[in-house]
Amino acid sequence: RQKMEFLTADAAQELAPTDAELGDYLETHPDKFRTDSLYSFEQVFITTDRAAPEVAARVRAVQRALEEGQSVNSDPSMLPTSFERYPAYQVNRNFGRGFSPELDKLPLNTWSAPIQSSIGIHFINLRARIEGTLPPLADIRETVEREWLTDRNEAIKATLTSTLLSEYEVEIEWPEQTP
């Protein structure tokens with residue numbers, strides 16, 4: 001099996017995709033190559049490291065103050081209160097997976113309702129959102145080609161393995177274990 005994988009890896013490396021094949025690959029796998037959205041926002045953070053009634057009271061007080069246009073201080077946090085052109089992957093890394101899609105739902109220049117994250121509760125004022133884009137093939141050709149070759153190599157290995165398994169009976173013998 002290892003010998004066959006070695007040979008197929010060499011065969012796959014010999015393949016040279018055409019621009020049309022790479023263009024098709026880019027079109028059918030856009031999420032692999034799309035740039036991250038960028039966000040500029042302010043946050044008011046509320047820690048959840050206290051009793052639930054205290055957290056709820058703090059959330060209500062902050063929400064009321066923001067609705068009235070008052071200035072509000074965040075609870076102490078390792079994160080800053082202001083972010084400029086912050087990529088989606090960093091938002092998700094710092095606030096928890098799935099936080100950037102919450103930012104995608106927000107209107108600009110308005111304080112949000114409370115948003116729960118993995119680290120606490122946040123009120124967000126989204127000042128700017130720059131949507132991620134799919135770069136043209138010419139700008140990312142090397143990356144697309146690498147991914148195309150990886151996928152092609154996996155497909156060749158899967159076909160070869162399937163063919164070999166159809167022609168042979170595989171028997172696995174486990175060594176006897178002594179108590």
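Asp19 and Arg141 form a salt bridge in which the closest N and O atoms are 2.6 Å apart. This pair ties together distant parts of the chain, with Asp19 in helix 2 (residues 19-28) and Arg141 in helix 6 (residues 137-167), 122 residues apart. The model is predicted, and a search of the whole structure finds twelve salt bridges.

**Salt bridges**

- Asp19 is partly exposed, because its relative accessibility is 48%.
- Arg141 also counts as partly exposed, with a relative accessible area of 29%.
- Salt bridges with shared partners join Asp19, Arg141 and Glu145 into one network.
- Arg127 and Glu84 form another salt bridge, with 2.0 Å between the closest N and O atoms. This pair links distant parts of the chain, since Arg127 belongs to strand 4 and Glu84 to strand 2, 43 residues apart.
- Arg127 has a relative accessible area of 25% and is therefore partly exposed, whereas Glu84, at 52%, is exposed.
- The side chains of Glu131 and Arg129 meet in a salt bridge with an N to O distance of 3.5 Å.
- Glu131 is partly exposed at a relative accessible area of 48%, and Arg129 is partly exposed at 24%.

**Strand pairing**

- Strand 1 pairs with strand 4 in the antiparallel sense over nine bridges. Within this pairing, Leu38 has Ile130 of strand 4 as its bridge partner.
- Strand 1 also pairs with strand 2 in the antiparallel sense, over four bridges. Here Phe41 stands opposite Phe83 of strand 2.
- Strand 1 is mostly covered, as eight of its nine residues are buried.

**Nonpolar cores**

- In soluble globular proteins, nonpolar side chains tend to be buried together.
- The largest nonpolar core holds 14 residues, and the members that touch the most others are Tyr39, Phe41, Val91, Phe95, Phe99, Leu103 and Ile124.
- Two or more residues of this core come from each of strand 1 (38-46), strand 2 (82-87), helix 4 (88-95), helix 5 (99-104) and strand 4 (121-130). Helix 4 gives the largest share, three residues.
- Beyond its neighbours within four places in sequence, Val91 is in contact with Tyr39, Phe41, Tyr86, Gly96, Phe99, Ser100 and Leu103.
- Another core, of ten residues, lies apart from the largest one and includes Val44, Val55, Val62 and Ala65.

- Asp75 is located in the loop between helix 3 (52-67) and strand 2.
- Asp75 counts as buried because its relative accessibility is 9%, and the cut-off for a buried residue is under 20% relative accessible area.
- A polar atom of the Asp75 side chain lies 2.9 Å from the backbone nitrogen of Thr47.
- The side chain of Asp75 also makes a polar contact of 2.2 Å with the side chain of Arg50.
- Leaving aside neighbours within four places in sequence, the residues in contact with Asp75 are Phe45, Ile46, Thr47, Arg50 and Arg58.

Note on methods. Residues are numbered from 1 along each chain as its sequence is written. This is a predicted model: local features need pLDDT of at least 70, side-chain atom pairs count only at pLDDT 80 or more; totals for chains, interfaces and linings use all residues. Side-chain values use heavy atoms; hydrogens and water are left out. A nonpolar core is a set of buried Ala, Val, Leu, Ile, Met, Phe, Trp, Tyr and Cys residues joined through side-chain atoms within 4.5 Å. Buried means under 20% relative accessible area, exposed over 50%, partly exposed in between (1.4 Å probe, protein chains only). Contact means heavy atoms within 4.5 Å. Two strands pair if DSSP finds at least two bridges between them. A polar contact is a pair of N or O atoms within 3.5 Å; within protein, one must be able to donate a hydrogen and the other to accept it, and residues adjacent in sequence count only if both atoms are side-chain atoms. A salt bridge is a side-chain nitrogen of Lys or Arg within 4 Å of a carboxyl oxygen of Asp or Glu.
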